[in-house]
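Please keep the sequence and the model in view.

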Amino acid sequence: MRESYQRIPSGAPVRLAKRSSNLFRPRTAVETPGLDVSGLTGVISVDPAGRTADVQGMCTYEDLVAATLPHGVVPMVVPQLRTITLGGAVTGLGIESSSFRAGLPHESVLEMDILTGAGEIVTARPTGEHADLFRTFPNSYGSLGYATRLRIELDKISPYVALRHVRLELDEFGPAIESIVADGTYGDEPVHFVDGVAFSPDEAYLTLGRNSDAAVPTSDYTGRQIFYKSIQQRSTDFLTAEAYLWRWDTDWFWCSAAFGAQNPYVRRIWPRRFRRSDVYHKLIGLENRHQVAARINRRRGNPDRERVVQDVEIPAARLAGFLRWFDAEVGMRPVWLCPLRLRGSSSWPLYPLKPGETYVNVGFWGTVPIAPGTADGDMNRRIEAAVADFDGHKSLYSDAYYDRDTFDRLYNVPALTEVKERYDPDARLTGLYEKAVTRR
């Protein structure tokens, strides 16, 4: 990897040469070779007794879970899509239904080996010589370097997960989540996992999961049945642990509908091995390059559409208000809801969430029609402004439209710059604003 880095000409953008990506930020094309990370995709070791694992930075969660689950342990947070990498989740966004108690993926990292902009590999820990890099690395998206090895904490998991789908009014969501955070229970049953779906302001559900050792018949959502639709159809469910961890991946939450993959006839002939989030992501990439669907849409006389693919964190107390605003002004349905809290008592410089406060990640992914003459990104800008009005925070894996001053304030760029001057003195790595907003 170091040799590959040295071959990249000074002044040329540094990007990872890898087959898959979960970013939704289109980037300007480059002709220089990417950073060779092909040898950094594995699990080095798993310690079930100590509940730790040493993992290479480009290892996908699919491969990581395959190595840990036979021992009855998994990462503290397993993001919902199979091909998200551990390094990507730590330097970017990672969240799932354990985040209300386990926080975010970077909070379970014990130490990291990082290739810095200076071309050196340093071991960063919470204390010691490189503690500043350790604390600033989350949400840096490669602007400080790339993790080559991470030692992480693991969590116990049972062979099965029992689910309850509880329908609530929007105003009940915040109090219910806060109660679960405080007690770890709901309705006198333990809760180990929490997420939810708002199908409309009048129909929203919390899905509560608990570890179970009972061997009873389980559901299968990799075939004809679709997980998110089951939430409306049944009040309880039972999945194997593996099926639970990847329940959203088969249909990319609900986004597989855009490709016809939820049509019963199409689903019957669409090979199961290709019903995966990374396959859908590649189809989106083809559309971004060739604009076939967009051209067909225009020929039919339909309005142009703007891509709105975002995950935002909203304080639980303000969730209902934000969801009502979103439904009225944006109108995308359904949306994903996932509670989270920082595990520790201190905040992270580039991920400005408040310790001790409960947030709910609101995920919405799709397109919306726009009026002729509308400025590019107008709807996304309106969402960014609303997120700020509701005291929220937006992830940077997708499009961002902030001006420089606003971005620097929201994402604490002065703190990033101070650390970057130490570990990337020649500014070889692209800056965070340039990555997130100007798409370099």
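Which residue in strand 17 is the bridge partner of Pro315? The partner is Tyr359. The model is predicted, so local features require pLDDT of at least 70 and side-chain atom pairs pLDDT 80 or more, whereas totals for chains, interfaces and linings use all residues. Residues are numbered from 1 along each chain as its sequence is written, and side-chain values use heavy atoms, leaving out hydrogens and water.

Strand 15 (residues 305-315) and strand 17 (residues 359-369) are joined by 11 bridges in the antiparallel sense; strands pair if DSSP finds at least two bridges between them. Strands are DSSP runs of E with at least two residues, and helices are runs of H or I with at least four, numbered from the N terminus. Both strands belong to an open, antiparallel sheet of eight strands, ordered 14-9-13-12-16-17-15-18. Strand 14 (236-240) and strand 18 (393-394) each have a single partner strand, so one side of each lacks a neighbour in the sheet.

Helix 12 (residues 319-329) lies across strands 15, 16 and 17, at about 0 degrees to strand 17. Angles run from 0 to 180 degrees between N-to-C directions of axes fitted to C-alpha atoms, for helices over the stretch in contact, where contact means heavy atoms within 4.5 Å. Helix 13 (residues 378-389) lies across strands 15, 17 and 18, at about 10 degrees to strand 15.

Glu107 sits in the loop between helix 4 (99-102) and strand 6 (109-116). The backbone nitrogen of Arg343 lies 2.7 Å from a polar atom of the Glu107 side chain. Beyond residues up to four places away in sequence, Glu107 touches Arg343 and Trp348, among others.

Conventions: A polar contact is a pair of N or O atoms within 3.5 Å; within protein, one must be able to donate a hydrogen and the other to accept it, and residues adjacent in sequence count only if both atoms are side-chain atoms.
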